[in-house]
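Dear colleague,

I am handing over the structure below, and my notes on what was found in it follow directly after.

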Number of protein chains: 2
Amino acid sequence: MKSPAFSRAEPDARRLSLIEACARVLAAAGSAGASVRAIALEAGVSPGLVGHYFGGIDALVAATYAHVDAQVSDALDAAVAAAGAAPRARLEAFVTASFDAPIADRALLATWIAFWSLITARADLARQHDAQYAGYRARLERLLAGCGVPEPDLRRAAIAVTALVDGLWLELCLSPGCFSAEEAGGIARRFLDALISPDR
Amino acid sequence: MKSPAFSRAEPDARRLSLIEACARVLAAAGSAGASVRAIALEAGVSPGLVGHYFGGIDALVAATYAHVDAQVSDALDAAVAAAGAAPRARLEAFVTASFDAPIADRALLATWIAFWSLITARADLARQHDAQYAGYRARLERLLAGCGVPEPDLRRAAIAVTALVDGLWLELCLSPGCFSAEEAGGIARRFLDALISPDR
DNA sequence: TTGCCTGTTGGACGATCGTACAACAACGCG
DNA sequence: CGCGTTGTTGTACGATCGTCCAACAGGCAA
(Lines give C-alpha, C1' and ligand atoms only; values in the text may rest on other atoms or scores of the structure.)
Protein backbone atom coordinates (compact mmCIF):
# COMPACT_ATOMS: atom_id res chain seq x y z
CA MET A 1 0.00 0.00 0.00
CA LYS A 2 2.96 2.29 -0.35
CA SER A 3 2.80 5.16 -2.82
CA PRO A 4 5.17 5.14 -5.77
CA ALA A 5 8.53 6.79 -5.15
CA PHE A 6 8.09 8.85 -8.30
CA SER A 7 6.10 8.83 -11.49
CA ARG A 8 7.23 9.25 -15.04
CA ALA A 9 5.97 12.03 -17.19
CA GLU A 10 5.92 13.05 -20.79
CA PRO A 11 9.16 14.94 -21.52
CA ASP A 12 7.26 18.07 -22.55
CA ALA A 13 5.03 17.95 -19.49
CA ARG A 14 8.05 17.55 -17.22
CA ARG A 15 9.83 20.41 -18.93
CA LEU A 16 6.76 22.58 -18.52
CA SER A 17 6.43 21.80 -14.82
CA LEU A 18 10.06 22.75 -14.30
CA ILE A 19 9.59 25.97 -16.22
CA GLU A 20 6.53 26.91 -14.18
CA ALA A 21 8.33 26.07 -10.95
CA CYS A 22 11.22 28.26 -12.07
CA ALA A 23 8.87 31.18 -12.65
CA ARG A 24 7.30 30.72 -9.21
CA VAL A 25 10.66 30.61 -7.47
CA LEU A 26 11.87 33.67 -9.36
CA ALA A 27 8.76 35.54 -8.26
CA ALA A 28 9.05 34.47 -4.64
CA ALA A 29 12.77 34.67 -3.98
CA GLY A 30 14.19 36.75 -6.79
CA SER A 31 17.04 36.02 -9.11
CA ALA A 32 19.48 35.12 -6.35
CA GLY A 33 17.19 32.52 -4.79
CA ALA A 34 16.48 30.63 -7.99
CA SER A 35 18.86 27.72 -7.49
CA VAL A 36 18.58 24.31 -9.05
CA ARG A 37 17.63 22.80 -5.71
CA ALA A 38 14.98 25.39 -4.91
CA ILE A 39 13.36 24.99 -8.32
CA ALA A 40 13.41 21.19 -8.12
CA LEU A 41 11.86 21.31 -4.65
CA GLU A 42 9.15 23.63 -5.93
CA ALA A 43 8.45 21.27 -8.81
CA GLY A 44 8.46 18.25 -6.51
CA VAL A 45 11.26 16.47 -8.33
CA SER A 46 14.90 15.68 -7.80
CA PRO A 47 17.56 18.32 -8.53
CA GLY A 48 19.16 16.08 -11.10
CA LEU A 49 16.22 16.50 -13.47
CA VAL A 50 17.14 20.10 -14.21
CA GLY A 51 20.42 18.98 -15.65
CA HIS A 52 18.76 16.09 -17.46
CA TYR A 53 16.22 18.25 -19.28
CA PHE A 54 17.95 21.60 -19.65
CA GLY A 55 21.64 20.92 -19.17
CA GLY A 56 22.07 23.84 -16.81
CA ILE A 57 20.34 26.51 -14.83
CA ASP A 58 20.93 29.28 -17.38
CA ALA A 59 19.18 27.29 -20.09
CA LEU A 60 16.24 26.77 -17.76
CA VAL A 61 15.97 30.50 -17.13
CA ALA A 62 16.17 31.18 -20.85
CA ALA A 63 13.46 28.59 -21.50
CA THR A 64 11.33 30.15 -18.77
CA TYR A 65 11.73 33.53 -20.41
CA ALA A 66 10.72 32.15 -23.79
CA HIS A 67 7.72 30.40 -22.25
CA VAL A 68 6.61 33.51 -20.38
CA ASP A 69 7.00 35.52 -23.56
CA ALA A 70 4.77 33.04 -25.38
CA GLN A 71 2.21 33.37 -22.60
CA VAL A 72 2.25 37.13 -23.01
CA SER A 73 1.82 36.78 -26.74
CA ASP A 74 -1.16 34.48 -26.26
CA ALA A 75 -2.76 36.85 -23.76
CA LEU A 76 -2.28 39.75 -26.14
CA ASP A 77 -3.74 37.76 -29.04
CA ALA A 78 -6.75 36.86 -26.94
CA ALA A 79 -7.29 40.47 -25.94
CA VAL A 80 -7.09 41.59 -29.56
CA ALA A 81 -9.47 38.85 -30.69
CA ALA A 82 -11.97 39.78 -28.00
CA ALA A 83 -11.94 43.39 -29.11
CA GLY A 84 -13.78 42.74 -32.33
CA ALA A 85 -12.97 44.02 -35.77
CA ALA A 86 -12.52 47.77 -35.34
CA PRO A 87 -8.81 48.56 -35.84
CA ARG A 88 -8.66 51.16 -33.11
CA ALA A 89 -10.34 48.86 -30.59
CA ARG A 90 -7.93 46.08 -31.47
CA LEU A 91 -4.92 48.34 -31.03
CA GLU A 92 -6.24 49.64 -27.74
CA ALA A 93 -6.88 46.12 -26.47
CA PHE A 94 -3.35 45.09 -27.40
CA VAL A 95 -1.87 48.01 -25.52
CA THR A 96 -3.99 48.06 -22.37
CA ALA A 97 -3.86 44.29 -21.88
CA SER A 98 -0.33 44.78 -20.57
CA PHE A 99 -1.69 46.47 -17.45
CA ASP A 100 -3.99 43.70 -16.25
CA ALA A 101 -3.62 40.07 -15.31
CA PRO A 102 -2.00 37.91 -16.43
CA ILE A 103 0.60 40.23 -17.94
CA ALA A 104 1.02 42.77 -15.15
CA ASP A 105 2.29 40.22 -12.68
CA ARG A 106 5.19 40.05 -10.29
CA ALA A 107 6.13 36.58 -11.47
CA LEU A 108 6.46 37.81 -15.02
CA LEU A 109 8.52 40.79 -13.96
CA ALA A 110 10.83 38.59 -11.89
CA THR A 111 11.39 36.32 -14.87
CA TRP A 112 12.10 39.30 -17.07
CA ILE A 113 14.60 40.77 -14.62
CA ALA A 114 16.36 37.44 -14.13
CA PHE A 115 16.72 37.15 -17.86
CA TRP A 116 17.94 40.72 -18.26
CA SER A 117 20.61 40.09 -15.66
CA LEU A 118 21.95 37.27 -17.83
CA ILE A 119 22.04 39.35 -21.01
CA THR A 120 25.04 41.36 -19.84
CA ALA A 121 27.24 38.29 -19.74
CA ARG A 122 25.84 36.13 -22.53
CA ALA A 123 25.60 37.24 -26.12
CA ASP A 124 23.30 34.40 -27.20
CA LEU A 125 20.67 35.49 -24.70
CA ALA A 126 20.98 39.04 -25.97
CA ARG A 127 20.06 37.73 -29.39
CA GLN A 128 17.06 35.91 -27.93
CA HIS A 129 15.91 39.16 -26.39
CA ASP A 130 16.33 41.05 -29.63
CA ALA A 131 14.27 38.46 -31.48
CA GLN A 132 11.43 38.56 -28.98
CA TYR A 133 11.42 42.34 -28.90
CA ALA A 134 11.35 42.47 -32.70
CA GLY A 135 8.39 40.11 -32.74
CA TYR A 136 6.46 42.31 -30.33
CA ARG A 137 7.17 45.42 -32.35
CA ALA A 138 6.23 43.78 -35.63
CA ARG A 139 2.80 42.94 -34.30
CA LEU A 140 2.36 46.44 -33.00
CA GLU A 141 3.31 47.85 -36.38
CA ARG A 142 0.56 45.82 -38.06
CA LEU A 143 -2.04 47.11 -35.62
CA LEU A 144 -0.85 50.68 -36.06
CA ALA A 145 -0.94 50.36 -39.83
CA GLY A 146 -4.53 49.20 -39.55
CA CYS A 147 -5.32 52.43 -37.73
CA GLY A 148 -3.99 54.55 -40.56
CA VAL A 149 -0.47 55.31 -39.38
CA PRO A 150 1.46 55.90 -42.60
CA GLU A 151 4.27 53.55 -43.42
CA PRO A 152 7.15 56.03 -42.97
CA ASP A 153 6.02 56.72 -39.39
CA LEU A 154 5.35 53.10 -38.53
CA ARG A 155 8.73 52.23 -37.13
CA ARG A 156 8.97 55.26 -34.88
CA ALA A 157 5.39 54.90 -33.68
CA ALA A 158 5.90 51.27 -32.76
CA ILE A 159 9.09 52.05 -30.87
CA ALA A 160 7.32 54.83 -29.00
CA VAL A 161 4.29 52.78 -28.01
CA THR A 162 6.46 49.85 -26.97
CA ALA A 163 8.57 52.12 -24.78
CA LEU A 164 5.56 53.74 -23.14
CA VAL A 165 3.87 50.42 -22.45
CA ASP A 166 7.07 48.86 -21.15
CA GLY A 167 7.73 51.77 -18.86
CA LEU A 168 4.22 51.76 -17.46
CA TRP A 169 4.22 47.99 -17.10
CA LEU A 170 7.59 48.02 -15.37
CA GLU A 171 6.66 50.59 -12.78
CA LEU A 172 3.23 49.02 -12.30
CA CYS A 173 4.91 45.74 -11.36
CA LEU A 174 7.76 47.25 -9.36
CA SER A 175 5.58 49.37 -7.08
CA PRO A 176 1.92 48.55 -7.58
CA GLY A 177 0.77 51.25 -5.18
CA CYS A 178 2.16 54.10 -7.21
CA PHE A 179 -0.55 54.27 -9.84
CA SER A 180 -3.36 52.01 -11.01
CA ALA A 181 -3.90 49.89 -14.09
CA GLU A 182 -6.75 52.21 -15.05
CA GLU A 183 -4.44 55.23 -14.93
CA ALA A 184 -1.91 53.40 -17.07
CA GLY A 185 -4.61 52.51 -19.57
CA GLY A 186 -5.80 56.10 -19.71
CA ILE A 187 -2.28 57.37 -20.34
CA ALA A 188 -1.76 54.86 -23.12
CA ARG A 189 -5.10 55.69 -24.75
CA ARG A 190 -4.30 59.40 -24.81
CA PHE A 191 -0.95 58.62 -26.35
CA LEU A 192 -2.61 56.61 -29.09
CA ASP A 193 -5.02 59.50 -29.70
CA ALA A 194 -2.11 61.86 -30.29
CA LEU A 195 -0.37 59.31 -32.49
CA ILE A 196 -3.31 58.53 -34.74
CA SER A 197 -5.19 61.83 -34.94
CA PRO A 198 -5.04 63.08 -38.53
CA ASP A 199 -3.22 66.33 -37.73
CA ARG A 200 0.44 66.88 -38.59
CA MET B 1 62.86 50.54 -0.63
CA LYS B 2 59.85 48.30 -0.59
CA SER B 3 56.49 49.76 -1.39
CA PRO B 4 53.86 49.88 1.33
CA ALA B 5 51.67 46.81 1.56
CA PHE B 6 48.62 49.01 1.55
CA SER B 7 47.61 52.58 2.11
CA ARG B 8 44.91 54.04 4.28
CA ALA B 9 42.17 56.09 2.81
CA GLU B 10 39.47 58.43 3.95
CA PRO B 11 36.43 56.33 4.81
CA ASP B 12 34.30 58.14 2.25
CA ALA B 13 36.92 57.79 -0.46
CA ARG B 14 37.26 54.08 0.26
CA ARG B 15 33.52 53.64 0.22
CA LEU B 16 33.33 55.42 -3.11
CA SER B 17 36.05 53.31 -4.68
CA LEU B 18 34.20 50.17 -3.62
CA ILE B 19 30.95 51.51 -5.02
CA GLU B 20 32.57 52.35 -8.33
CA ALA B 21 34.24 48.95 -8.48
CA CYS B 22 30.86 47.34 -7.79
CA ALA B 23 29.32 49.22 -10.70
CA ARG B 24 32.15 48.15 -13.01
CA VAL B 25 31.83 44.50 -12.04
CA LEU B 26 28.06 44.60 -12.44
CA ALA B 27 28.50 46.02 -15.93
CA ALA B 28 31.13 43.51 -16.94
CA ALA B 29 29.88 40.27 -15.39
CA GLY B 30 26.25 40.92 -14.56
CA SER B 31 24.40 40.38 -11.36
CA ALA B 32 25.60 36.82 -10.87
CA GLY B 33 29.27 37.73 -11.16
CA ALA B 34 29.22 40.53 -8.63
CA SER B 35 30.71 38.67 -5.69
CA VAL B 36 32.52 40.21 -2.75
CA ARG B 37 35.81 38.83 -4.01
CA ALA B 38 35.37 40.05 -7.56
CA ILE B 39 34.48 43.55 -6.39
CA ALA B 40 37.37 43.71 -3.94
CA LEU B 41 39.77 42.53 -6.65
CA GLU B 42 38.44 45.22 -9.00
CA ALA B 43 38.89 47.85 -6.32
CA GLY B 44 42.38 46.57 -5.50
CA VAL B 45 41.61 45.88 -1.85
CA SER B 46 41.03 42.89 0.37
CA PRO B 47 37.63 41.16 0.40
CA GLY B 48 37.27 41.90 4.10
CA LEU B 49 36.82 45.60 3.43
CA VAL B 50 33.40 45.08 1.91
CA GLY B 51 32.13 43.71 5.19
CA HIS B 52 33.96 46.41 7.11
CA TYR B 53 32.37 49.31 5.26
CA PHE B 54 29.02 47.96 4.16
CA GLY B 55 28.32 44.95 6.37
CA GLY B 56 27.28 42.83 3.43
CA ILE B 57 27.05 42.58 -0.30
CA ASP B 58 23.40 43.58 -0.51
CA ALA B 59 24.08 46.85 1.27
CA LEU B 60 26.91 47.54 -1.17
CA VAL B 61 24.59 47.00 -4.13
CA ALA B 62 21.99 49.26 -2.54
CA ALA B 63 24.63 51.93 -1.94
CA THR B 64 25.80 51.55 -5.53
CA TYR B 65 22.25 52.04 -6.73
CA ALA B 66 21.85 55.16 -4.61
CA HIS B 67 25.17 56.52 -5.86
CA VAL B 68 24.30 55.85 -9.48
CA ASP B 69 20.94 57.50 -8.96
CA ALA B 70 22.68 60.58 -7.58
CA GLN B 71 24.97 60.60 -10.61
CA VAL B 72 21.95 60.53 -12.88
CA SER B 73 20.36 63.37 -10.94
CA ASP B 74 23.50 65.45 -11.28
CA ALA B 75 23.73 64.79 -15.00
CA LEU B 76 20.10 65.77 -15.44
CA ASP B 77 20.58 68.92 -13.41
CA ALA B 78 23.59 69.85 -15.51
CA ALA B 79 21.65 69.28 -18.71
CA VAL B 80 18.79 71.45 -17.48
CA ALA B 81 21.14 74.20 -16.36
CA ALA B 82 22.90 74.18 -19.71
CA ALA B 83 19.60 74.58 -21.53
CA GLY B 84 19.07 78.15 -20.42
CA ALA B 85 15.93 79.72 -19.02
CA ALA B 86 13.20 78.79 -21.50
CA PRO B 87 10.87 76.29 -19.77
CA ARG B 88 10.36 74.14 -22.82
CA ALA B 89 14.08 73.91 -23.52
CA ARG B 90 14.73 72.94 -19.91
CA LEU B 91 12.11 70.21 -20.01
CA GLU B 92 13.44 68.90 -23.29
CA ALA B 93 16.98 68.84 -21.97
CA PHE B 94 15.88 66.92 -18.90
CA VAL B 95 14.14 64.32 -21.01
CA THR B 96 16.64 63.82 -23.82
CA ALA B 97 19.65 63.71 -21.51
CA SER B 98 18.61 60.17 -20.60
CA PHE B 99 19.56 58.96 -24.06
CA ASP B 100 23.18 60.11 -24.08
CA ALA B 101 26.25 59.53 -21.96
CA PRO B 102 26.61 59.25 -19.07
CA ILE B 103 23.04 58.11 -18.45
CA ALA B 104 22.49 55.75 -21.36
CA ASP B 105 25.20 53.37 -20.24
CA ARG B 106 25.47 49.63 -19.83
CA ALA B 107 27.05 50.00 -16.40
CA LEU B 108 24.08 52.00 -15.20
CA LEU B 109 21.63 49.54 -16.62
CA ALA B 110 23.47 46.65 -14.99
CA THR B 111 23.30 48.39 -11.64
CA TRP B 112 19.62 49.06 -12.08
CA ILE B 113 18.88 45.45 -12.99
CA ALA B 114 20.92 44.10 -10.08
CA PHE B 115 18.96 46.34 -7.76
CA TRP B 116 15.62 45.39 -9.27
CA SER B 117 16.45 41.73 -8.77
CA LEU B 118 16.84 42.41 -5.04
CA ILE B 119 13.54 44.29 -4.71
CA THR B 120 11.48 41.12 -5.05
CA ALA B 121 12.94 39.67 -1.88
CA ARG B 122 13.60 42.75 0.26
CA ALA B 123 10.93 45.22 1.25
CA ASP B 124 13.37 47.89 2.46
CA LEU B 125 14.94 48.10 -0.99
CA ALA B 126 11.48 48.39 -2.51
CA ARG B 127 10.99 51.48 -0.36
CA GLN B 128 14.32 52.89 -1.52
CA HIS B 129 13.20 52.43 -5.11
CA ASP B 130 9.86 54.12 -4.44
CA ALA B 131 11.61 57.10 -2.89
CA GLN B 132 14.02 57.53 -5.78
CA TYR B 133 11.24 57.15 -8.33
CA ALA B 134 9.13 59.73 -6.48
CA GLY B 135 12.04 62.16 -6.49
CA TYR B 136 12.47 61.79 -10.22
CA ARG B 137 8.79 62.34 -10.86
CA ALA B 138 8.59 65.38 -8.60
CA ARG B 139 11.31 67.11 -10.56
CA LEU B 140 9.60 66.27 -13.80
CA GLU B 141 6.34 67.69 -12.48
CA ARG B 142 8.01 71.01 -11.73
CA LEU B 143 9.40 71.22 -15.25
CA LEU B 144 6.05 70.32 -16.77
CA ALA B 145 4.28 72.93 -14.64
CA GLY B 146 6.73 75.49 -15.96
CA CYS B 147 5.60 74.60 -19.47
CA GLY B 148 1.99 75.28 -18.67
CA VAL B 149 0.67 71.84 -17.91
CA PRO B 150 -2.28 72.49 -15.59
CA GLU B 151 -2.08 71.16 -12.07
CA PRO B 152 -4.80 68.49 -12.41
CA ASP B 153 -2.95 66.89 -15.33
CA LEU B 154 0.47 67.13 -13.73
CA ARG B 155 0.54 63.75 -12.06
CA ARG B 156 -0.59 61.85 -15.10
CA ALA B 157 1.74 63.75 -17.42
CA ALA B 158 4.74 63.06 -15.21
CA ILE B 159 3.92 59.36 -14.99
CA ALA B 160 3.55 59.22 -18.76
CA VAL B 161 6.82 60.99 -19.54
CA THR B 162 8.70 58.92 -16.98
CA ALA B 163 7.35 55.71 -18.47
CA LEU B 164 8.21 56.71 -22.01
CA VAL B 165 11.73 57.80 -21.09
CA ASP B 166 12.34 54.69 -19.00
CA GLY B 167 11.12 52.43 -21.77
CA LEU B 168 13.29 54.12 -24.38
CA TRP B 169 16.29 54.19 -22.06
CA LEU B 170 15.87 50.53 -21.17
CA GLU B 171 15.72 49.30 -24.74
CA LEU B 172 18.50 51.64 -25.79
CA CYS B 173 20.78 50.06 -23.18
CA LEU B 174 19.62 46.46 -23.69
CA SER B 175 20.12 46.41 -27.45
CA PRO B 176 21.92 49.53 -28.63
CA GLY B 177 21.66 48.57 -32.26
CA CYS B 178 17.89 48.63 -32.37
CA PHE B 179 17.43 52.38 -32.57
CA SER B 180 19.58 55.43 -31.98
CA ALA B 181 19.70 58.07 -29.28
CA GLU B 182 18.60 60.62 -31.85
CA GLU B 183 15.51 58.59 -32.67
CA ALA B 184 14.70 58.27 -28.98
CA GLY B 185 15.08 62.02 -28.55
CA GLY B 186 12.81 62.70 -31.50
CA ILE B 187 10.14 60.38 -30.12
CA ALA B 188 10.30 62.05 -26.73
CA ARG B 189 10.09 65.53 -28.24
CA ARG B 190 7.00 64.66 -30.24
CA PHE B 191 5.43 63.24 -27.12
CA LEU B 192 6.09 66.48 -25.25
CA ASP B 193 4.56 68.40 -28.15
CA ALA B 194 1.36 66.44 -27.83
CA LEU B 195 1.37 66.83 -24.08
CA ILE B 196 1.90 70.56 -23.97
CA SER B 197 0.07 71.78 -27.04
CA PRO B 198 -2.89 73.91 -25.94
CA ASP B 199 -5.54 71.77 -27.63
CA ARG B 200 -7.91 69.46 -25.77
C1' DT C 1 4.70 -12.77 -15.13
C1' DT C 2 9.35 -11.53 -16.46
C1' DG C 3 12.87 -8.60 -18.02
C1' DC C 4 14.56 -4.63 -20.33
C1' DC C 5 14.61 0.36 -21.05
C1' DT C 6 15.07 4.71 -19.34
C1' DG C 7 13.14 8.47 -16.56
C1' DT C 8 14.33 9.56 -12.02
C1' DT C 9 16.64 9.69 -7.77
C1' DG C 10 19.87 11.41 -4.36
C1' DG C 11 24.26 12.02 -2.87
C1' DA C 12 29.27 12.99 -4.00
C1' DC C 13 32.29 16.35 -5.75
C1' DG C 14 34.96 20.57 -6.29
C1' DA C 15 34.22 25.41 -6.67
C1' DT C 16 32.65 29.49 -4.88
C1' DC C 17 29.78 31.97 -2.05
C1' DG C 18 29.31 35.60 2.24
C1' DT C 19 30.89 36.30 6.67
C1' DA C 20 33.88 36.61 10.70
C1' DC C 21 38.05 37.39 13.01
C1' DA C 22 42.86 37.42 14.62
C1' DA C 23 47.14 39.31 13.06
C1' DC C 24 49.48 42.98 10.79
C1' DA C 25 51.08 47.55 9.53
C1' DA C 26 50.39 52.52 8.32
C1' DC C 27 49.74 56.82 10.24
C1' DG C 28 49.11 60.43 13.92
C1' DC C 29 50.15 61.80 18.38
C1' DG C 30 52.97 62.56 22.40
C1' DC D 1 61.49 58.35 17.96
C1' DG D 2 58.26 55.01 20.05
C1' DC D 3 53.59 53.89 20.82
C1' DG D 4 48.74 53.24 20.35
C1' DT D 5 44.91 53.43 17.29
C1' DT D 6 42.61 51.47 13.69
C1' DG D 7 42.22 50.74 8.73
C1' DT D 8 43.49 46.68 6.27
C1' DT D 9 44.80 42.11 5.26
C1' DG D 10 44.30 37.24 4.45
C1' DT D 11 42.43 33.19 5.68
C1' DA D 12 39.37 29.85 7.87
C1' DC D 13 34.74 28.45 8.17
C1' DG D 14 30.22 26.56 7.12
C1' DA D 15 26.79 26.92 3.70
C1' DT D 16 25.33 26.51 -0.79
C1' DC D 17 26.18 26.58 -5.45
C1' DG D 18 26.03 23.72 -10.30
C1' DT D 19 27.23 19.57 -12.19
C1' DC D 20 27.82 14.78 -12.57
C1' DC D 21 26.78 9.86 -12.37
C1' DA D 22 25.95 5.21 -10.47
C1' DA D 23 22.04 3.01 -8.67
C1' DC D 24 17.19 2.50 -8.50
C1' DA D 25 12.45 1.58 -9.99
C1' DG D 26 8.21 2.62 -12.82
C1' DG D 27 6.09 1.26 -16.95
C1' DC D 28 5.84 -1.27 -21.13
C1' DA D 29 6.76 -5.20 -24.37
C1' DA D 30 7.11 -9.91 -24.81
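How much area do chain A and chain B bury between them, and what percentage of it is on carbon and sulfur atoms? In this predicted model, chain A and chain B bury about 3400 Å², with 66% of that on carbon and sulfur atoms, where buried area is the accessible area (1.4 Å probe) that two parts lose on being put together, summed over both.

Before the details, some conventions: residues are numbered from 1 along each chain as its sequence is written, and chains are lettered from A in the order in which they are written. Because the model is predicted, local features need pLDDT of at least 70 and side-chain atom pairs count only at pLDDT 80 or more, whereas totals for chains, interfaces and linings use all residues, and side-chain values use heavy atoms, with hydrogens and water left out.

The contact (heavy atoms within 4.5 Å) takes 37 residues from chain A and 37 residues from chain B. Between the two chains there are 2 salt bridges, a salt bridge being a side-chain nitrogen of Lys or Arg within 4 Å of a carboxyl oxygen of Asp or Glu; Arg155(A) forms one with Glu183(B), the closest N and O atoms being 2.8 Å apart.

As for DNA strand C, 53% of its atoms within 4 Å of the protein belong to sugar or phosphate and the rest to bases.

Best regards

How values were computed: Near = heavy atom within 4 Å.
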